[in-house]
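This briefing is meant to be read alongside the sequence and the structure. Please keep both in view while going through the points.

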Amino acid sequence: MRFQPSKCNIITFARKKNPVNFDYVLNDVKLVKVDSIKYLGVTISNDLNWDKHIQSICNKGNKILGILYRNLSFCSRDVKLAAYKGLLRPVLEYACCVWDPHQSYLQDKLESIQRRSARFVSSEFSREPGSMTSILKDLDLPTLADRRKQNRLILFSKGFFDAGMFVSRQVDS
């Protein structure tokens, strides 16, 4: 396999203020050091913070929501809800077991897109206190944080029980 040095980057993961820096060379070409890199759709930054990834998700989510507003504004609630669940929510949840943020401001960025989507689906744009809770309950949409927690638990149980079955098969043999 041949590597193209122009397509290769270096990223160092550390939370140190002054990480150790080395110059890497491939085929007599010095490789470029980057602060973040996108790998399999997940933006990973060198300080192990998910700000850039969440921002890119929110940007993509807002674009999709804008498309839904423009094209489905006169459709029924069921069509809008199906479009939200099929087009927008997968973008907001892609690989969430890896990047689930614990900071509330990052969670709020994601939840705000779901809240705006729920207002669009229900055609209810009231800003009265408690209206958003009733809209989400009426649409049967759990919070994205709850869905991420459920996905983490599912992934953990798959790993735990699959590994447990593997061990028990080896003991029985």
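Helix H2 is followed by Ala95, whose phi is positive, near 55°; helices (H or I, at least four residues) and strands (E, at least two) are DSSP runs, numbered from the N terminus. The model is a predicted one, in which local features need pLDDT of at least 70 and side-chain atom pairs count only at pLDDT 80 or more, while totals for chains, interfaces and linings use all residues. Residues are numbered from 1 along each chain as its sequence is written, and side-chain values use heavy atoms, with hydrogens and water left out.

**Helix H2**

- The 17 residues of H2 (residues 77-93) should span 24 Å at 1.5 Å a residue, and the end C-alpha atoms of H2 are 22 Å apart, which agrees; the expected span of a helix is 1.5 Å times one less than its number of residues.
- A kink of about 35° is centred on Lys85 in H2, where the bend at a residue is the angle between axes fitted to the seven residues ending there and the seven starting there.
- Buried residues in H2 are Lys80, Leu81, Ala83, Tyr84, Leu88, Arg89, Val91, Leu92 and Glu93, with buried meaning under 20% relative accessible area, exposed over 50%, and partly exposed in between (1.4 Å probe, protein chains only).

- H1 has 22 residues and reaches 31 Å from its first C-alpha to its last, which is close to the 32 Å expected at 1.5 Å a residue.
- Within H1, the buried residues are His53, Ile54, Ile57, Cys58, Gly61, Ile64, Leu65, Gly66, Leu68 and Leu72, and what covers them includes S6, H2, helix H3 (96-99) and H4.
- Helix H1 (residues 51-72) packs with helix H4 (residues 104-122) at an angle of about 5°, and their axes are 10 Å apart; axes are lines fitted to C-alpha atoms, for helices over the stretch in contact, and angles run from 0 to 180 degrees between N-to-C directions.
- That angle makes H1 roughly parallel to H4, since angles under 35 degrees count as roughly parallel, over 145 as roughly antiparallel, 65 to 115 as roughly perpendicular and the rest as oblique.
- On the H1 side the contact (heavy atoms within 4.5 Å) is made by Asp51, Ile54, Gln55, Ile57, Cys58, Asn62, Leu65, Leu68, Tyr69 and Leu72, and on the H4 side by Tyr105, Leu106, Lys109, Leu110, Ile113, Arg116, Ser117 and Phe120.
- By class, the contact of H1 with H4 has twelve nonpolar, three polar and three charged residues, where Ala, Val, Leu, Ile, Met, Phe, Trp, Tyr, Cys and Pro count as nonpolar, Asp, Glu, Lys and Arg as charged, and the others, Gly among them, as polar.
- Ile54, which lies in helix H1, is buried, with a relative accessible area of 0%.
- Leaving aside neighbours within four places in sequence, Ile54 is in contact with Trp99, Pro101, Leu106, Lys109 and Leu110; Ile54 and Leu110 are 56 residues apart in sequence and 7.6 Å apart in space, C-alpha to C-alpha.

**Residues in strands**

- Thr43 lies in strand S6 (residues 42-45) and counts as buried at 10% relative accessibility.
- Not counting residues up to four places away in sequence, Thr43 touches Ser36, Ile37, Lys38, Trp50, Lys52, His53 and Ser56.
- Leu26 is placed in strand S2 (residues 25-26) and, at 24% relative accessibility, counts as partly exposed.
- Apart from neighbours within four places in sequence, Leu26 is in contact with Phe3, Pro5, Cys8 and Leu31, while Leu26 and Asn9 are 17 residues apart in sequence and 10 Å apart in space, C-alpha to C-alpha.

**Residues in loops**

- Leu40 sits in the loop between strand S5 (36-39) and S6, where its phi is near 55°, a positive value in a residue other than glycine, and Leu40 is exposed, with a relative accessible area of 62%.
- Leu48, in the loop between S6 and H1, has a phi near 60°, again a positive value in a residue other than glycine, and is partly exposed, with a relative accessible area of 39%.
- His102, in the loop between H3 and H4, is exposed, with a relative accessible area of 70%, and His102 and Ile44 are 58 residues apart in sequence and 16 Å apart in space, C-alpha to C-alpha.
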